Amino acid sequence: MTLEGREAAGQPQATLGPPANGSGPSQELEGHWPEIPERSPCVAGVIPVIYYSILLGLGLPVNLLTTVALARLAARTRKPSYYYLLALTVSDIVTQVVIVFVGFLLQGAVLAREVPRAVVRTANILEFAANHASVWIAVLLTVDRYSALCHPLHHRAASSPGRTRRAIIAVLGAALLTGIPFYWWLDVWRDADPPSMMDEALKWAHCLIVYFIPCGVFLVTNSAIICRLRRRSQSGLQPRVGKGTAILLGVTTLFTLLWAPRIFVMLYHLYVAPVHRDWRVHLALDVANMAAMLNTAVNFSLYCFVSKTFRATIREVIHDAHLPCILGSQPEGMVVEPVLKPPGIPKGAEL
């Protein structure tokens, strides 16, 4: 997702001058877009800059801590779900760095958009690739959980760390390839004319790849999982909702809710009113982008809320990082009392 919101910082308030042929803005905005003579103001002001600074300052360290914890759990248990969650967290880190830091804060707020167009378009490839990778790794996690619950024998026979890593690498490669066409993405803040056929195709491709197709997979697989659990309950068996399943339902639900405003505003801009001409659409896209980026920082809270194993691993990571600092601060020759280390996670434990 290209954060068009980065263009909102320092958005010019001047009206657009008439084109060179003197035809006026009515011909420039002919078609289905309303004729509004002035460029929409940035109603949000500096709020997006403050929001993204806080999101980056809190979300990036939290995601790095999550990466270390999931890497330990993946190495101990060798379960596919941990590898998928680890890849998902790394994709969120890349998204925060490329979109929030480089795209919005550095390019939009610090450099005031004084960046060569080729650099901006190249950054578009990385931004869309990071989004595609994050979303489709969540799809892999969903398919893995569906297979584990609905086809357990086949899942045990087919799953392995090597196969999981190959699937993740394939998704990352596909994400990079699908990001290349977005080099020609036309920023919605500069859409002075009705969208061309290529621009409309790219915006629909963005909505399909990042939202509609993944949400369709989430809906089908999650519905199958819930129906499976209900059948167990009706047959007299105890319907056990595992922690991995709870995390899956939480991750996919949060993604669906937080990305929905972004997709709605994008289609509204495409067919009803342009962002750069209607301050209400301008504000709506700012808020929608902020909600979509929040998705990169909320998974840590979800993991902590659901999984006792994850919480214990987080405490272990923090303890291991804090202990060298304590030892290093002691005067030379001082004997340090041994500190009890948190018990390790038993092999085979799951989220």
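The questions and answers below concern a predicted model of one protein chain.

Q: How many helices and how many strands are there in the protein?
A: In this predicted model, the pattern read along the sequence is α-α-α-α-α-α-α-α-α-α-α. The count of elements is accordingly 11 helices and 0 strands.

Q: Which element gives the most to the largest nonpolar core?
A: The largest nonpolar core has 30 residues, of which Leu70, Leu85, Ile247, Val251, Tyr303 and Phe310 touch the most other members. The elements that give two or more residues to this core include α2 (47-77), α4 (117-150), α10 (299-306) and α11 (308-328). With 7 residues, the element that gives the most to this core is α3.

Q: How many residues are in the other core, which lies apart from the largest one?
A: The largest nonpolar core, in which Leu70 and Leu85 are among the residues that touch the most other members, has 30 residues. Apart from this core lies another, with Phe128, Phe182, Tyr211 and Cys215 among its members, and its size is 18 residues.

Q: Are the rings of Phe128 and Phe182 stacked or edge-to-face?
A: A pair of aromatic rings is described by the distance of the centres and the angle of the planes. Tyr51 and Tyr52 form a pair with 5.3 Å centre to centre and 75 degrees between the planes, which is edge-to-face. For Phe128 and Phe182, the centres are 4.1 Å apart and the planes lie at 15 degrees, and because planes under 30 degrees apart count as stacked, this pair is stacked.

Q: Is Tyr52 buried or exposed?
A: Tyr51, the partner of Tyr52 in an edge-to-face aromatic pair, has a relative accessible area of 24% and is partly exposed. For Tyr52 the relative accessibility is 1%, and because buried means under 20%, Tyr52 counts as buried.

Q: Which helix gives the most residues to the nonpolar patch on the surface?
A: The patch is formed by Trp204, Leu208, Phe212, Ile213, Phe264, Tyr268, Tyr271 and Val272, with about 710 Å² of accessible area together. Two helices, α7 (197-234) and α8 (243-271), each supply at least two of its residues. Tyr271, in helix α8, is partly exposed at a relative accessible area of 37%. The helix that gives the most, with 4 residues, is α7.

Q: What is the distance between the end C-alpha atoms of residues 201-225?
A: The unreviewed UniProt entry annotates residues 201-225 as one of the spans under "transmembrane region", along with residues 167-186. Residues 167-186 are 65% helix and 0% strand, with end C-alpha atoms 32 Å apart. Residues 201-225 are 100% helix and 0% strand, and their end C-alpha atoms are separated by 34 Å.

Q: How many residues apart in helix α7 are Asp199 and Lys203?
A: An α-helix has 3.6 residues a turn, so residues three or four places apart point the same way. Asp199 and Lys203 are both buried, and their side chains meet in a salt bridge of 2.7 Å, N to O. They are separated by about one helical turn, because their spacing in helix α7 is 4 residues.

Key. Residues numbered from 1 in each chain as written. Predicted model: local features only at pLDDT ≥ 70, side-chain atom pairs only at ≥ 80, totals over all residues. Heavy atoms only, no water. Patch = residues over 30% accessible without salt bridge, like charges linked within 9 Å, V, L, I, M, F, W, Y side chains within 5 Å. Areas by Shrake-Rupley, 256 points an atom, 1.4 Å probe, with all protein chains shown as cover. Salt bridge = Lys/Arg side-chain N within 4 Å of Asp/Glu carboxyl O. Buried < 20%, exposed > 50% of the residue type's maximum accessible area, 1.4 Å probe, protein only. UniProt positions renumbered as here; feature names shortened; annotations may be inferred. Core = buried A, V, L, I, M, F, W, Y, C linked by side-chain atoms within 4.5 Å. Phe/Tyr/Trp six-rings, centres within 6.5 Å; stacked < 30°, edge-to-face > 60°.
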